Amino acid sequence: MTGRVPPQNIEAEMAVLGSMLLGDRSAIERVTEFLDKQDFYREAHGRIFEAMLSLVDKDEPVDIVTLKDELTRRGTLEQTGGYIYLMQLAEYVPTPANVVYYAKIVSEKGVLRRLIETASEIAGMAYGETDEVDTLVDQAERAIFNVARKRKTEGFTPLRPLLNEVFDQIDSAYHDKGVVSGTDTGFYDLNYITSGLKRGDLIIIAARPSMGKCVKFDNLVVDPDTGEQRTIQEAVRIRQKRVLGISADGLVRPTEVSNWIDSGIKPVFRVTTELGRFVEVTGHHPFLTLDGWKPLHDLVPGDKIATPRLLDLSSDSSNVTTTQLESLQDDLRKGDLGAVPRLSKLSKEDTWLLAHSLLCKQSFITDSEKTARSLQHLCLRANLTTRLTQTSGGWEVTRFGIEQTHLPLLMGHLFYDGIASIEPIGEHQVYDLTVPDGANFIAQDIIVHNTALTMNIGQNAAGKGSVVATFSLEMSKESLVQRMMCSEAKVNAHKLRTGFLQDEEWSRLSEAVNRLWDAPMFIDDTTDISSLEMRARCRRLKAEQGSLDLVIVDYLQLMRGSARNSENRNQEISE
């Protein structure tokens with residue numbers, strides 16, 4: 001490449017300057033819309049052009065005399081060729097009427113030179129290795145796009161065509177009431193409010209995690225690290241790191257908590273199962289049913305919801321003596337609440353011994369509801385399924401034998417328990433948590449879930465032909481696609497993972513795959529992605545697809561900012 005002359009057209013540059021000297025002011029103004037000093041290859045021509053613009057800014061005429069005086073005042077007359085060269089420019093131009101055509105030639109040559117300069121700068125950055133590779137790639141892409149964007153300038157648009165265009169939109173909306181004019185979200189009420197998502201909008205789903213799917217403050221969750229049960233409120237206070245949830249294959253396992261949220265005061269419902277368990281949640285909280293995840297307001301008594309049938313919790317505690325174990329049994333039979341916290345400290349072996357000893361006669365009765373519920377939870381850790389009922393004699397915990405008729409309700413570590421009742425219990429303090437892995441957790445020994453509003457919007461939009469880019473920082477792309485398939489087919493995800501699909505469900509799943517097959521949705525599940533990387537990938541996707549209608553980030557707080565803001569998380573999120 002050394003010794004090659006950069007792209008240029010000196011004759012076109014002279015023609016532009018000469019036309020500006022001889023033409024009227026409108027010709028000059030048309031040229032300045034897309035031409036600047038850097039577009040000229042000869043530095044003298046750039047200085048002459050700059051002097052002309054200065055005259056225009058001062059509302060002075062542009063001719064040979066005024067231009068000579070302006071260059072003299074700037075001290076650049078001799079450097080630009082002097083008065084004789086200005087005379088030559090005026091004589092050189094074929095016709096001032098073609099000034100825009102000449103100017104476009106000059107502009108295009110300038111773009112080519114900038115492209116060469118940018119490529120050289122990129123090569124220098126790459127050889128220098130002065131920054132991280134991802135940062136260098138983004139800087140390179142941004143530099144190239146800036147060169148291209150220089151050529152795409154838009155000026156004013158007269159009011160008249162805009163009036164016609166907007167009036168046609170209003171007329172179309174009047175005749176097609178309810179038709180979405182933007183990107184269809186798939187949510188009727190949201191479409192009614194917004195008429196669809198509009199291009200160029202930045203929309204932040206500024207809701208608490210799970211869109212208000214919260215749990216009452218005194219509901220219990222298990223700390224997998226200690227085996228201890230504590231209230232949601234206490235877990236929020238200490239920022240408990242992990243909870244129990246279910247894996248993709250239906251096994252109970254610990255899962256990380258990425259955030260705990262105080263969600264304020266909200267209406268709460270108590271959901272009681274046929275085995276006597278209960279959980280108190282807001283009305284939109286999803287439960288895992290035989291037909292997939294469903295919000296509480298879509299459930300009725302008799303529906304089956306998933307509960308764990310065993311909790312395989314390890315303990316570092318050493319085995320207690322036989323005397324201590326017998327003393328704990330006696331305390332529980334007496335309803336001594338001081339014995340309840342000691343249950344979580346037991347080893348697996350002692351847990352099994354205690355549970356089987358207390359239920360050696362098939363049932364255990366106590367006056368204390370808390371003691372009875374603690375024993376029911378203890379039995380889960382001993383792989384015993386029990387039923388809790390309130391009788392005239394107190395609270396009774398009874399062994400629940402899994403019969404042949406119950407086998408379809410057993411999947412992995414799950415048992416699908418029937419809903420006995422759903423009762424409103426007024427407004428209470430509620431809390432929520434964000435669980436990246438599987439988006440579910442166990443509260444009060446019942447499995448509940450977090451759902452993703454934005455992902456549903458993206459799926460609906462892509463299903464109607466909109467090009468959607470999804471950055472999933474929480475969930476793997478395979479898990480995300482599986483969730484989309486189950487949602488589209490209305491199939492229980494756990495049945496899909498474990499292979500217990502019925503023929504009719506297979507048919508629905510196949511139809512769902514066909515519907516999703518051509519949906520223009522693109523998923524990136526890179527974790528800890530930066531804004532630079534995300535922007536670069538969006539640029540490439542838009543270039544490949546020709547358009548990009550919707551970009552979803554799930555979710556913003558999991559993104560990584562630039563290194564300069566790494567010490568301040570608020571600045572990272574703002575960036």
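Biologist: Which residue does Glu228 form a salt bridge with?

Modeller: Bear in mind that this is a predicted model: local features need pLDDT of at least 70 and side-chain atom pairs count only at pLDDT 80 or more, while totals for chains, interfaces and linings use all residues. Residues are numbered from 1 along each chain as its sequence is written, and side-chain values use heavy atoms, with hydrogens and water left out. For a salt bridge, a side-chain nitrogen of Lys or Arg must sit within 4 Å of a carboxyl oxygen of Asp or Glu. The closest N and O atoms here are 3.0 Å apart, and the partner of Glu228 is Arg230.

Biologist: Is Arg230 buried or exposed?

Modeller: Buried means under 20% relative accessible area, exposed over 50%, and partly exposed in between (1.4 Å probe, protein chains only). Glu228 has 29% relative accessibility, which makes it partly exposed. Arg230 comes out at 11%, so it counts as buried.

Biologist: How many salt bridges does the count come to?

Modeller: Opposite charges can pair when the charged atoms come close. One network of salt bridges links Lys37, Glu50, Lys58, Glu70, Arg73 and Arg74. By the 4 Å rule, the count comes to 17.

Biologist: How far apart in sequence are the parts that Arg114 and Asp39 tie together?

Modeller: The salt bridge between Arg114 and Asp39 has its closest N and O atoms 3.0 Å apart, and both residues are buried. Helices (H or I, at least four residues) and strands (E, at least two) are DSSP runs, numbered from the N terminus. Arg114 is in helix 6 and Asp39 in the loop between helix 2 and helix 3, so the parts they tie together are separated in sequence by 75 residues.

Biologist: By about how much of the helix are Arg74 and Glu70 separated?

Modeller: Their side chains meet in a salt bridge, 2.9 Å from N to O. Arg74 is partly exposed at 33% relative accessibility, whereas Glu70 is buried at 3%. Since they are 4 residues apart in helix 4, the separation is about one helical turn.

Biologist: Where is Lys216, and is it buried or exposed?

Modeller: Lys216 belongs to strand 1 (residues 215-216). Leaving aside residues up to four places away in sequence, it touches Ile232, Val268, Glu280, Ile425, His428, Gln429 and Val430, contact meaning heavy atoms within 4.5 Å. At 7% relative accessibility, Lys216 counts as buried.

Biologist: What arc do the buried residues of helix 17 cover around the axis?

Modeller: In helix 17, Glu505, Leu509, Ala512 and Leu516 are buried. The arc is taken from the directions from the helix axis to the C-beta atoms. These residues are on the same side of helix 17 because their arc is only 60°.

Biologist: Which residue in strand 17 stands opposite Ile442?

Modeller: Two strands pair if DSSP finds at least two bridges between them. Strand 16 pairs with strand 17 (residues 446-449) in the antiparallel sense over 4 bridges. Both faces of strand 16 (residues 440-443) are covered, with Asn440 and Ile442 buried on one side and Phe441 and Ala443 on the other. Opposite Ile442 stands Ile447.

Biologist: Which turn residue has a positive phi in the hairpin of strand 4 and strand 5?

Modeller: Strand 4 (residues 242-246) and strand 5 (residues 252-256) run antiparallel, joined by 5 bridges, and Ile246 has Val252 as its bridge partner. The hairpin leaves 5 residues between the strands. The turn residue with a positive phi, about 80°, is Gly250.
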